Amino acid sequence: MKVSCSVVVFALVFHFFLVTGSRSPPPSDSVIIIGAGMSGIMAAKTLEEAGYKDYIILEADSRIGGRVHKGQVDGNTVEMGANWLFSGGPKSSPAHEIAKKIKLRTLYSDYGNLSSNIYKQGGGLYEKHVVESAFKVADARQEFGTNLSKILSSKKGGDDDISILGSQRLFKQVPKGPLDLAVDYFYNDFEEAEPTRISSLKNTFPRQLMEDFGEDSYFVADPRGFETVVHYIANQFLSHNNNKITDPRLQLKKTVRKINQSKNKVIITTEDGSVYHANYVIVTVSVGVLQSDLIGFVPRLPLWKKLAINNFDMAIYTKIFMKFPYKFWPTGPGTEFLLYAHETRGYFTIWQHLENELPGENMIFVTVTDEESRRIEQQSEKKTKAEIMQVLKKMFGNGKQIPEPDTMLIPKWWSNRLYKGSYSNWPNGYTLHSYHDLQQPFGRIYFAGEHTNSTYLGYVDGAYFSGINTANALIKCLKHFCEGRRS
Ligand SMILES: Cc1cc2nc3c(=O)[nH]c(=O)nc-3n(C[C@H](O)[C@H](O)[C@H](O)COP(=O)(O)OP(=O)(O)OC[C@H]3O[C@@H](n4cnc5c(N)ncnc54)[C@H](O)[C@@H]3O)c2cc1C
Ligand SMILES: *[C@@H]1O[C@H](CO)[C@@H](O)[C@H](O)[C@H]1NC(C)=O
Ligand SMILES: *[C@@H]1O[C@H](CO)[C@@H](O)[C@H](O)[C@H]1NC(C)=O
Ligand SMILES: *[C@@H]1O[C@H](CO)[C@@H](O)[C@H](O)[C@H]1NC(C)=O
Ligand SMILES: *[C@@H]1O[C@H](CO)[C@@H](O)[C@H](O)[C@H]1NC(C)=O
């Protein structure tokens with residue numbers, strides 16, 4: 001049974017290669033999926049389960065999982081990309097459900113004691129009651145914003161929108177001063193990875209993912225990595241051996257550089273010169289990659305599609321992991337999350353120690369976003385280390401010597417041409433009409449990926465659903481009705 005099955009699979013793929021450069025027509029329902037992240041794997045699974053087995057997945061990297069990607073710091077696994085799963089809401093997060101099934105180790109993130117753990121720019125902790133009143137103001141701002149967002153989302157609001165910062169102005173509560181800036185950064189940028197002056201209020205609040213799946217966040221801390229969730233799904237329908245995918249329909253290290261569509265087929269060229277023919281293609285690369293020139297479209301994408309792609313935002317979120325020879329930060333209960341308040345918004349603001357996840361490893365990480373991420377990706381690691389050491393000295397030095405880290409890991413999502421950032425964000429001014437254009441197929445080219453599911457935009461669950469929904473739209477097309485505009 002197993003043997004005959006893979007023979008069929010092999011024959012299918014053989015067919016893909018056979019048509020290369022020959023005159024024979026492409027198989028009638030063949031699909032090429034570009035990208036093997038969560039969305040690409042879900043698109044393939046959806047096709048497979050609907051009986052469309054004539055597909056191939058082209059992935060540029062040497063692995064599947066995309067932005068769900070573990071890294072190593074001196075033999076300790078950390079998550080360079082996606083890290084948190086959510087629960088506690090009326091619906092359940094598919095990514096979290098799978099994580100539970102495979103017993104992925106997760107730890108509840110408790111922010112409850114943050115008010116006792118905010119450090120002043122020059123050192124020393126803010127008094128708890130001072131922070132608590134800053135939190136009260138931030139809560140009121142958020143409530144006002146959520147109320148306003150509901151009005152804007154009603155039919156009467158039409159295309160009207162405002163930035164999160166704009167709504168704070170309207171509320172006469174614009175954050176200023178190190179503490180207020182740090183708190184505002186924690187409330188907003190820590191989730192959207194872009195400044196409040198950029199993010200659309202209407203499309204950010206209420207945060208639909210948390211409304212649906214819950215606000216309780218669980219931090220993945222498993223040596224197998226969060227990416228095991230993607231592997232688990234892939235293993236359900238791609239042939240594999242000892243946890244290694246052997247299905248020839250998954251082709252790794254294939255960087256797509258050209259998508260050439262004509263009236264009845266699509267021809268795809270990869271960097272190594274391979275040519276693939278199919279009837280349809282599902283592009284799952286990030287909106288950041290679509291904004292770059294990595295993939296050339298022939299004919300060129302129409303203006304409506306280019307505007308939709310280039311007006312959207314790819315945010316950058318960077319976790320800088322460090323391992324020290326010993327600990328010099330507090331590690332008891334209620335100390336996992338720390339903020340550093342600085343007059344520059346987002347200057348090494350959010351800290352999390354990993355004592356619960358990796359006890360005795362003396363590890364901590366700091367999160368930066370947006371312009372700070374860009375700056376750090378472009379400067380030397382030595383310079384970043386020096387900046388961080390200065391901050392740590394202010395926070396924990398107290399006149400004492402503190403050691404330099406033995407190891408640092410700085411993921412570079414923005415520089416990486418296969419990602420060009422961390423996840424998408426809906427900027428103020430971007431209309432629902434543009435968003436439909438972003439999702440829309442163009443002729444035989446369909447689009448999936450985290451950025452095409454605005455309900456759960458920027459999350460693993462968004463990628464998960466986008467793969468299913470786009471594959472279903474394509475299946476509908478294969479069966480009876482195609483929606484792809486042709487110009
Ligand atoms: C730092 C960071 C933190 C995050 N934190 C969270 C979190 O806590 N919780 C959460 O739910 N989500 C989080 N996310 C978001 C989540 O990781 C993504 O939304 C999701 O993984 C995106 O999946 P995708 O399939 O849409 O895209 P991707 O994972 O980017 O998949 C696309 C694939 O296409 C490949 N590709 C690109 N160009 C080409 C080409 N030319 N040819 C062939 N292949 C190509 C890429 O290598 C990639 O594998 C985070 C992301 C990052 C980076
Ligand atoms: C938000 O709306 C609720 C319900 O209408 C109201 O009680 C509350 O005062 C509003 N909050 C703000 C900050 O405007
Ligand atoms: C695109 O494909 C057509 C055949 O469908 C071919 O004639 C044309 O030369 C190709 N163009 C490019 C730029 O690859
Ligand atoms: C809260 O944090 C402070 C400062 O780190 C710590 O001393 C205290 O024990 C923590 N309280 C609780 C309840 O965890
Ligand atoms: C995102 O996916 C969910 C689940 O399939 C769906 O209900 C929702 O409409 C999708 N959102 C968008 C904007 O397509």
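Predicted model: local features only at pLDDT ≥ 70, side-chain atom pairs only at ≥ 80, totals over all residues.
Residues are numbered from 1 along each chain as its sequence is written, chains are lettered from A and ligands numbered from 1 in the order in which they are written, and side-chain values use heavy atoms, with hydrogens and water left out.

Returning to ligand 4, an oxygen atom of this ligand is 2.3 Å from an N or O atom in the side chain of Asn-113, and an oxygen atom is 3.4 Å from a polar backbone atom of Gly-334. Taken alone, ligand 4 exposes 370 Å², of which the protein buries 48%; such accessible areas come from the Shrake-Rupley method with a 1.4 Å probe, and for residues only the protein chains shown count as cover. The surrounding residues, meaning those with a heavy atom within 4 Å, are Asn-113, Ser-116, Asn-117, Pro-333, Gly-334 and Thr-335. By class, this shell holds 1 nonpolar, 5 polar and no charged residues, where Ala, Val, Leu, Ile, Met, Phe, Trp, Tyr, Cys and Pro count as nonpolar, Asp, Glu, Lys and Arg as charged, and the others, Gly among them, as polar.

Now to ligand 1, which is surrounded by 38 residues, the closest being Ser-39, Glu-59, Arg-67, Trp-84 and Glu-450. The shell of ligand 1 divides into 22 nonpolar, 12 polar and 4 charged residues. A nitrogen atom of ligand 1 lies 2.9 Å from a polar backbone atom of Val-256, and an oxygen atom of ligand 1 is 2.8 Å from a backbone N or O atom of Glu-450. On its own ligand 1 has 1,000 Å² of accessible area, and the protein covers 98% of that.

Finally, what partner does the side chain of Glu-194 have in a polar contact of 2.9 Å? The partner is the side chain of Asn-425.

Conventions:
Polar contact = N/O pair within 3.5 Å; in protein donor to acceptor, adjacent residues only side chain to side chain.
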